[in-house]
Amino acid sequence: MRVPSFDRFRRMSTALGIFVLGMVAGAAVYNGLFAAKFDALVERLHEAEEKLGEYELEIRKLTNYRNQHGIIKSVVPHIETSRGPDGSPKPLDTVTETMLKQQLRRDLSAFLGRNVYDIDSEARLARLLLDGKVYKGLKNTDYVVEIRTVLVADGTMTVWVTARPRLPG
């Protein structure tokens with residue numbers, strides 16, 4: 001039995017190898033682009049869900065309190081990220097920030113319908129209740145929340161908080 005010489009197939013096998021390598025590289029690039037687009041889409045979805053929830057809640061509150069003046073009609077939390085050892089801010093991802101805002105809104109909803117002029121004692125109560133409170137974030141990461149500033153204007157209670165990851169232990 002004679003085995004044919006491999007020299008006849010050398011160019012064809014080289015071309016086939018380059019073609020397969022190109023297919024693998026192209027598939028990897030396409031998968032990377034697809035994953036990046038999907039991540040961007042998920043972030044936009046979470047932002048849109050957050051805005052939709054805020055708008056629905058605001059509509060509900062405005063219909064409930066439309067004839068009452070001088071009361072807190074909405075609560076708007078702003079999350080400031082903690083600073084690293086070098087002084088640079090460590091930003092949270094949008095999904096975690098959205099989850100923390102929803103949890104803060106839920107906890108601060110006790111102030112809705114309260115008189116604006118009585119907020120002094122209630123703001124101290126909120127600071128005592130929420131200062132150092134631990135919230136569950138994304139991927140089982142706990143965040144410690146500290147209230148920095150509470151501002152009430154035009155029926156809106158705006159709360160600035162600092163969220164930092166809780167150290168294990």
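1. Helix α2 (94-108) has 15 residues and spans 21 Å between its first and last C-alpha atoms, close to the 21 Å expected at 1.5 Å a residue, where the expected span is 1.5 Å times one less than the number of residues. Helices (H or I, at least four residues) and strands (E, at least two) are DSSP runs numbered from the N terminus.

2. This is a predicted model, in which local features need pLDDT of at least 70 and side-chain atom pairs count only at pLDDT 80 or more, while totals for chains, interfaces and linings use all residues. Residues are numbered from 1 along each chain as its sequence is written, and side-chain values use heavy atoms, with hydrogens and water left out.

3. The buried residues of α2 include V95, L100, L104 and L108 as well as K101 and R105, buried meaning under 20% relative accessible area with a 1.4 Å probe and protein chains only. The helix α2 lies across β1, β2, β3 and β4, and runs at about 140 degrees to β1; angles, from 0 to 180 degrees, are taken between N-to-C directions of lines fitted to C-alpha atoms, for helices over the stretch in contact (heavy atoms within 4.5 Å).

4. The strands form an open sheet of 4 strands in the order β1-β4-β3-β2, with mixed pairing, a pair requiring at least two DSSP bridges. Its edge strands are β1 and β2 (133-136), each of which pairs on one side only, and neighbouring strands are turned by 40 degrees against each other on average, direction ignored. Between β1 and β4, which run parallel, there are 8 bridges, and H78 stands opposite W160 in β4.

5. The largest nonpolar core has 21 residues, and I79, L100, L108, M157 and V161 are those with the most contacts inside it; such a core is a set of buried Ala, Val, Leu, Ile, Met, Phe, Trp, Tyr and Cys residues joined through side-chain atoms within 4.5 Å. Two or more residues each come from β1 (74-81), α2, β3 (142-153) and β4 (156-165), and the largest share, 4 residues, comes from β4.

6. Along the sequence the chain follows the pattern α-β-α-α-β-β-β. The radius of gyration over C-alpha atoms is 27 Å, well over the 15 Å that the globule rule (2.2 Å times the number of residues to the power 0.38) gives for 169 residues, so the chain is more spread out than a compact globule. The C-alpha atoms fill a box of roughly 100 × 40 × 25 Å along the principal axes, and 25% of the 169 residues count as buried.

Terms used
Buried < 20%, exposed > 50% of the residue type's maximum accessible area, 1.4 Å probe, protein only.
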